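Look at the structure, then read on.

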Amino acid sequence: MITLYDNPFSPFARKVRLVLDHKGLEYESVDALALRHHGDLLAVNPRAEVPALADGDVVAVNSSDIVAYLEHRYPDVPVLPTDPGVRVAARSWERLADGVVDSIIHDISLWVWPTHRRQDSPPPGLIEAGRRDLAAILGMLEKSASADGFLCGALSVADFALFPHVSSMRPLGVALDPGAHPKLLEWNRRMRALPCVRKDLEHVKRLATERFAEGASPYEGEKIVWRGDRLEWLFGHGFHAWWLRQLEAGHVVIPAATSP
Ligand SMILES: N[C@@H](CCC(=O)N[C@@H](CS)C(=O)NCC(=O)O)C(=O)O
């Protein structure tokens with residue numbers, strides 16, 4: 001049996017869940033960001049990040065490595081294009097989703113998601129900078145999207161990596177627009193019709209209600225985990241002084257750099 005060290009709201013865990021479900025694989029899901037599972041997560045991933053996946057003796061961490069493992073081990077329903085050039089393109093969309101889109105969304109969502117119980121306001125200009133960069137990325141995606149297929153022709157890891165992000169932009173003030181993004185809107189409709197995506201969206205919605213019922217939360221609410229990519233975007237836009245104050249106030253966790 002496959003065990004997924006999961007979290008309903010993590011875009012990286014959602015990518016892996018989409019791939020598992022699309023491939024028709026059975027798995028057990030553990031919400032490993034819940035504080036009571038922190039020790040279990042640390043035992044499989046010293047960075048204490050989800051997703052991690054255990055399949056018999058094999059433990060894989062990092063969403064793109066997990067997808068590569070699943071593709072190799074369970075190739076029947078492929079998610080990595082076989083054409084070498086198309087595979088490079090799909091992996092680069094995945095990298096953009098994981099490194100850049102995730103960072104922007106993370107950095108501007110701290111005042112929106114119920115996981116964080118913040119009393120303060122965002123530093124001036126942060127939300128606007130994030131919205132500008134996300135709008136530019138949507139413009140880039142619109143240019144590359146095809147009118148009738150998925151991002152790289154057939155459904156691939158590019159779609160599974162980007163969809164969780166695109167589906168969470170609206171509460172952040174960035175929306176797909178029929179005038180500017182006609183092809184992306186079609187892509188979004190095609191994605192939402194897939195059984196694996198419908199399952200994911202229902203899961204996110206149901207668990208958002210369950211996990212945050214009446215102000216309760218099973219997650220860390222004060223400290224933020226700042227992975228390198230998320231700092232790169234923040235510092236690149238000049239918000240280092242704000243971040244240093246977060247560090248000095250004890251609100252920062254940096255993942256351990258010692259794991260392979
Ligand atoms: N590069 C990693 C990034 C994973 C990641 O950043 N996961 C976040 C959730 S979105 C996490 O587990 N953070 C630890 C925490 O919030 O405690 C991957 O692709 O799997």
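Q: How far apart are the centres of domain 2 and domain 3?
A: The centres, taken over C-alpha atoms, are 22 Å apart. This is a predicted model: local features need pLDDT of at least 70, side-chain atom pairs count only at pLDDT 80 or more, and totals for chains, interfaces and linings use all residues. Residues are numbered from 1 along each chain as its sequence is written.

Q: What makes up the contact between domain 2 and domain 3?
A: Domain 2 gives 10 residues and domain 3 gives nine residues. Residues are in contact if their C-beta atoms, placed from the backbone, lie within 7 Å. On the side of domain 2, α4 supplies the largest share, six residues.

Q: Where do the domain bounds lie?
A: The assignment gives domain 1 (2–73), domain 2 (84–215) and domain 3 (224–253). Such bounds come from an automatic or database domain assignment.

Q: Why are α4 and α6 called roughly parallel?
A: Helix α4 (residues 84–109) and helix α6 (residues 157–166) pack at about 15°. Angles under 35 degrees count as roughly parallel. The pair is therefore roughly parallel. Their axes, lines fitted to C-alpha atoms over the stretch in contact, lie 8 Å apart.

Technical notes:
Axes fitted to C-alpha atoms, helices over the stretch in contact; angles between N-to-C directions. Helix = DSSP H or I, 4+ residues; strand = E, 2+ residues; numbered from the N terminus. Parallel < 35°, antiparallel > 145°, perpendicular 65-115°, else oblique. Contact = placed C-beta atoms within 7 Å.
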